[in-house]
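The entries follow in the order I looked things up.

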Amino acid sequence: MLEVHYNNPRLKKGIVDNSGIRLYYTKKLRKHDAGIIELGLEYTDKMAIPPLQEEFVLSGYCVPECTAVGLPQNGITVFGSQLHTHLTGKRVMTRHIRNGRELPPLNQDLHYSPHFQEIRLLREPVNVLPGDSLITSCWYDTTHRKNVTLGGFSISDEMCVNYIHYYPKADLEVCKSSVSDQKLNDYFEFINSWEDQPTDTSRAISENYRAISWTPLRAKLLDDFYTHSAISMQCNKSDGNRFPGVWEGMNNVWPKLQVLDEDTN
């Protein structure tokens, strides 16, 4: 099945698509089946980017508890990667951590353009072992936007994802995070009490974010909240079910993010 996404917000008529794909096949069975794992943030409005930000960072976590139960004993070999944001993304990277030690980034694009996205072969294949952590971070520029940008599926919403291509195929298909529901409610209550903003936990998440009158201080408070909040994990099998485990309210304690000088695509 081929799925193509189109975006025509102005409903222009007469636009014709002539894109397509080319398939190759062989009678010689390959040694391994390949697979794709989604890393980064869930597609949810629990993530948000305040307006007028030159560089706001969001990070999604693939925690060691998930790779420990989802990957084979000898790990997987990652050979390709597709970094993905929508229109405000400007940098993307996935960090690779093993036993508390940071390894070279699995992939990064420090001059990312949402208009030039592709599956890129890594210069060197990367071995990811059970118990490794993978942290995908995205930098956003919302200096041209007047209100908050929410996570979601629309091109005007935002995403932070890395689709890694690997072998041999494992049962793990999604290793993504979002902020804890309870901690997000605590944040909205704090903003209401201390910043006198009309947020209310009985309202929808998107309504609460849009109700905030964003200032540099409130943007900084949101950044601090995301950095330290407990997280909810989607550690999912290919059938959509979670692996057994406790995936709610997980601690968010990671080394400080550093951006390297060179692209490692």
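What volume does the largest pocket have? I noted about 1,400 Å³ for the largest pocket. I am working from a predicted model, so I keep in mind that every value here is computed from it.

**Entry 1: the largest pocket.** I looked up which residues line the largest pocket and found 39 of them. The closest to its centre are Leu 2, Glu 3, Val 4, His 5 and Gln 82. I then checked the strands. At least two lining residues come from each of strand E1 (35-41), strand E4 (76-84), strand E10 (161-167) and strand E11 (172-179). I sorted the lining of the largest pocket by class and got 19 nonpolar, 13 polar and seven charged residues.

**Entry 2: the cavities.** Rolling a probe the size of a water molecule over the atoms shows where empty space is left. How many cavities of 30 Å³ or more are there? I counted two.

The largest cavity holds about 50 Å³ of space. I listed its lining as Ser 81, Gln 82, Leu 83, Asp 109, Tyr 112, Phe 116, Gln 117, Glu 118 and Arg 120. Strand E4 gives the most to this lining, with three residues. By class, the lining of the largest cavity divides into three nonpolar, three polar and three charged residues.

The second largest cavity holds about 30 Å³. Its lining is made of Ile 37, Leu 39, Cys 62, Thr 67, Leu 71, Ile 76, Val 128, Leu 134, Ile 164 and Leu 172. Here I found nine nonpolar residues, one polar and no charged.

**Entry 3: a sheet.** I moved on to the strands. Strands of a sheet pair through backbone hydrogen bonds, either parallel or antiparallel. In what order do the four strands of the open sheet stand? I read the order as E3-E8-E5-E6, with antiparallel pairing. Strand E3 (56-62) and strand E6 (101-109) are the edge strands, and each pairs on one side only. From one strand to the next, the twist averages 20°.

**Entry 4: E5 and E6.** I followed one pair further. Strand E5 (residues 89-98) runs antiparallel to E6, and six bridges join them. I found His 96 opposite Leu 103 in E6. Val 92 has Asp 109 in E6 as its bridge partner, and Asp 109 also lines the largest cavity. The hairpin of E5 and E6 has two residues between the strands, and Asn 99 takes a positive phi near 55° in this hairpin.

Technical notes:
Residues are numbered from 1 along each chain as its sequence is written. This is a predicted model: local features need pLDDT of at least 70, side-chain atom pairs count only at pLDDT 80 or more; totals for chains, interfaces and linings use all residues. Side-chain values use heavy atoms; hydrogens and water are left out. Two strands pair if DSSP finds at least two bridges between them. Axes are lines fitted to C-alpha atoms, for helices over the stretch in contact, and angles run from 0 to 180 degrees between N-to-C directions. On a 1 Å grid over the protein atoms alone, a cavity is a set of points where a 1.4 Å probe fits but cannot get out, and a pocket is an open set with protein on both sides within 12 Å along at least five of seven lines; lining residues have an atom within 4 Å of a point. Grid points are joined across faces, edges and corners, and a volume is the space filled by probe spheres set on the points. Ala, Val, Leu, Ile, Met, Phe, Trp, Tyr, Cys and Pro count as nonpolar, Asp, Glu, Lys and Arg as charged, and the others, Gly among them, as polar.
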